[in-house]
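Open the model in your viewer and keep the selection panel at hand. The stops below say what to select and what is there.

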Amino acid sequence: MSPPAACQEAREELVACLLRTDCVLKSGKTPTECLHHPSELPLQCQHLIARFADCKKGMLDMRRRFRGNHLSESAKAAARGDILNQGTVDIIPDRNPEQDTRR
């Protein structure tokens with residue numbers, strides 16, 4: 001039995017991550033066998049496991065089914081391991097440029 005279409009993307013990303021791990025590549029285990037020891041998996045795969053589990057749980061929660069079983073864009077990016085902010089931000093409050101001692 002395959003997971004609902006709402007969780008298909010999360011499942012595919014999890015399987016792709018598991019196929020790139022040392023557990024599968026070096027040990028020759030199946031992805032299912034590697035799931036039995038999640039602490040030995042890379043952090044990205046652990047996040048994808050949590051995402052997939054949360055998606056499956058959301059299919060049973062009536063409030064989430066009504067509102068939609070989805071993650072925010074930032075949560076999706078974090079699960080994929082994407083870097084959200086690639087630039088730098090100056091968080092020092094407004095000041096006079098002549099008083100700037102950093103230069």
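Select Cys23 and Cys34: both are buried, that is, under 20% relative accessible area, where over 50% is exposed and anything in between partly exposed (1.4 Å probe, protein chains only). Show their side chains: a disulfide joins Cys23 to Cys34, with an S to S distance of 2.0 Å; the term stands for a pair of cysteine sulfur atoms within 2.5 Å. The torsion about this S-S bond is -100°, and the link of Cys23 and Cys34 is left-handed. The pair links distant parts of the chain, with Cys23 in helix H2 (residues 22–25) and Cys34 in helix H3 (residues 31–34), 11 residues apart. Helices (H or I, at least four residues) and strands (E, at least two) are DSSP runs, numbered from the N terminus.

Before going on, note what is on screen. This is a predicted model, in which local features need pLDDT of at least 70 and side-chain atom pairs count only at pLDDT 80 or more, while totals for chains, interfaces and linings use all residues. Residues are numbered from 1 along each chain as its sequence is written, and side-chain values use heavy atoms, with hydrogens and water left out.

Next, select Cys17 and Cys45. Their sulfur atoms lie 1.9 Å apart and form a disulfide. This link is also left-handed, with -100° about the S-S bond. Distant parts of the chain are linked here: Cys17 sits in helix H1 and Cys45 in helix H4, 28 residues apart. Are Cys17 and Cys45 buried or exposed? Both are buried.

Now select Cys7 and Cys55, which a disulfide joins at an S to S distance of 2.1 Å. Cys7 is in the segment before H1 and Cys55 is in helix H4 (residues 43–58), so that this pair, 48 residues apart, links distant parts of the chain. The torsion about the S-S bond of Cys7 and Cys55 is about -100°, so the disulfide is left-handed. Cys7 counts as buried because its relative accessibility is 0%; Cys55, at 8%, counts as buried too.

Select the bonded cysteines together. The disulfide count comes to three. Numbered in sequence order, the bonded cysteines pair as 1-6, 2-5, 3-4.

Move to helix H1, residues 8–19. Its 12 residues reach 17 Å from the first C-alpha to the last, close to the 16 Å expected at 1.5 Å a residue, where the expected span is 1.5 Å times one less than the number of residues. Colour its buried residues: Ala10, Glu13, Leu14, Cys17 and Leu18. They cover an arc of only 135° around the axis, which puts them on the same side of H1; the arc is that of the directions from the helix axis to the C-beta atoms.

Zoom out to the protein chain. There are six helices and zero strands. Of the 103 residues, 21% count as buried. Taking contacts (heavy atoms within 4.5 Å) between residues at least 6 apart in sequence, 48% join residues at least 24 apart.

Finally, colour by pLDDT, the predictor's confidence in each residue, from 0 to 100. The protein chain averages 75, and 57% of the residues score at least 70. Select residues 84–90: pLDDT stays under 50 there, and the model has four contacts beyond four places in sequence for them. Where pLDDT is low, the predicted coordinates should not be read in detail.
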